[in-house]
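Here's a quick briefing to read alongside the sequence and the 3D view. Keep both open while you go through the points below.

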Amino acid sequence: MGISTVLLDLDDTICKHPQTTQDLLQDAFDAASVDPFFDATAFESLIPEIDADSTPDLRERCFKRLAEDANRDPRDALAVANAFEDPEPTAVEFLPGAEASLEQLASNYRLGLVTNGDRMYQRAKLDTLGIHEYFDVTTYAEPGRSVKPDPNPFYRTLDTLSATPDEAVHIGNSLRSDVVGAQAAGVTAVWLARKKKTVETITPEYSIESMRDLRAPPWV
Ligand SMILES: [Mg+2]
């Protein structure tokens with residue numbers, strides 16, 4: 001099998017925010033004057049189970065579910081969702097090795113971005129990092145369209161590139177959205193296992209510990 005196409009996730013794969021989700025969540029609870037009833041870990045593990053049209057919609061649905069589970073008023077969930085502020089897209093930073101690896105991959109493969117984030121917000125990050133030009137196609141969360149781990153965003157990305165799943169790999173940090181989603185689309189999954197928290201039922205074809213490891217791509 002010859003790999004011609006490399007798909008990549010954006011958040012916590014290529015870049016990160018100095019502010020963590022837990023920080024932002026704490027700020028949102030404070031701003032809404034609501035006693036915290038869940039943490040970032042609970043929120044993040046719920047994300048793959050929830051269908052949503054956009055990031056704000058996803059947060060609202062997740063927070064409402066978490067409120068239900070905690071026997072809390074759904075209005076508290078709504079207040080926290082409304083108070084939740086996205087971190088500044090211009091504050092993003094590359095993960096170690098990501099910039100050099102992207103540059104190298106772009107000279108050897110066609111690149112596609114597959115992110116569950118909103119177009120405007122993610123585009124601002126790409127511009128901040130100066131990497132938009134590396135991608136032949138960028139696939140964002142769009143209203144009414146499913147997001148990873150649904151295979152659809154992978155199919156759309158590959159269609160645009162006229163590539164078949166068996167000539168593509170996808171690199172991402174989330175077992176539940178990146179690895180499961182890529183495999184559902186028939187794409188080889190490369191898991192960026194920075195935290196090494198495995199899930200027994202999910203087995204990526206390849207694991208890397210750092211974006212630096214892509215200097216020698218594991219699929220070659
Ligand atoms: Mg990610």
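**Sheet and helices at a glance**

Strands β4 and β5 (residues 137–141) are paired in parallel through four bridges. This is a predicted model, so take everything here as a description of that prediction. The pair belongs to an open six-stranded sheet, ordered β5-β4-β1-β6-β7-β8, with parallel pairing.

**The sheet as a whole**

- At the edges of the sheet you'll find β5 and β8 (206–208), each with a single partner strand, so one side of each has no neighbour in the sheet.
- On average, neighbouring strands here are turned by 20° against each other, direction ignored.

**Around β4**

- Strand β4 spans residues 110–118, and seven of its nine residues are buried, so the rest of the structure largely encloses it.
- Towards β5, D118 has A141 as its bridge partner.
- To get from β4 to β5, the chain passes through helix α6 (residues 119–129), and this β-α-β crossover is right-handed.
- Strand β1 (residues 5–8) also runs parallel to β4, joined to it by four bridges.
- In that pairing, L7 is bridged to G112 in β4.

**Helices lying across the strands**

- Helix α5 (residues 98–108) lies across β1, β4 and β6, and runs at about 130° to β4.
- Helix α6 lies across β4 and β5, and it runs at about 130° to β4.

**Around β7**

- What happens to the residues of β7, buried or exposed? Five of the five are buried, so this strand is largely enclosed by the rest of the structure.
- T188, V190 and L192 point one way from β7, while A189 and W191 point the other way, and all are buried.
- Strand β6 (residues 168–172) pairs with β7 (residues 188–192) in the parallel sense, with four bridges between them.
- Two places to look at in that pairing are G172, whose bridge partner in β7 is W191, and H170, which stands opposite A189.
- Together, β6, helix α8 (residues 175–184) and β7 form a right-handed β-α-β unit.
- Strand β7 is also joined to β8 by three bridges, and the two run parallel.
- Look for V190 here, as its bridge partner in β8 is Y206.

**The α3/α4 pair**

- Helix α3 (residues 55–69) packs with helix α4 (residues 74–83) at an angle of about 145°, and their axes are 8 Å apart.
- The crossing of these two helices, α3 and α4, is right-handed.
- Which residues of α3 and α4 meet? From α3 come E60, F63, K64 and A67, and they meet P74, A77, L78, V80 and A81 of α4.
- Sorted by class, the α3 contact with α4 has seven nonpolar residues, two charged ones and no polar ones.

**A closer look at A81**

- A81 sits in helix α4.
- With a relative accessible area of 10%, A81 is under the 20% cut-off and therefore counts as buried.
- Setting aside neighbours within four places in sequence, A81 is in contact with E60 and F63.
- From A81 to L158, which is 77 residues apart along the chain, the C-alpha separation is 33 Å.

Notes
Residues are numbered from 1 along each chain as its sequence is written. This is a predicted model: local features need pLDDT of at least 70, side-chain atom pairs count only at pLDDT 80 or more; totals for chains, interfaces and linings use all residues. Side-chain values use heavy atoms; hydrogens and water are left out. Axes are lines fitted to C-alpha atoms, for helices over the stretch in contact, and angles run from 0 to 180 degrees between N-to-C directions. A crossing is left-handed if the near helix is turned anticlockwise from the far one by less than a right angle, and right-handed if clockwise. Contact means heavy atoms within 4.5 Å. Ala, Val, Leu, Ile, Met, Phe, Trp, Tyr, Cys and Pro count as nonpolar, Asp, Glu, Lys and Arg as charged, and the others, Gly among them, as polar. Buried means under 20% relative accessible area, exposed over 50%, partly exposed in between (1.4 Å probe, protein chains only). Two strands pair if DSSP finds at least two bridges between them. A crossover is right-handed if, with the strands pointing away from the viewer, the path from the first strand over the helix to the second runs clockwise.
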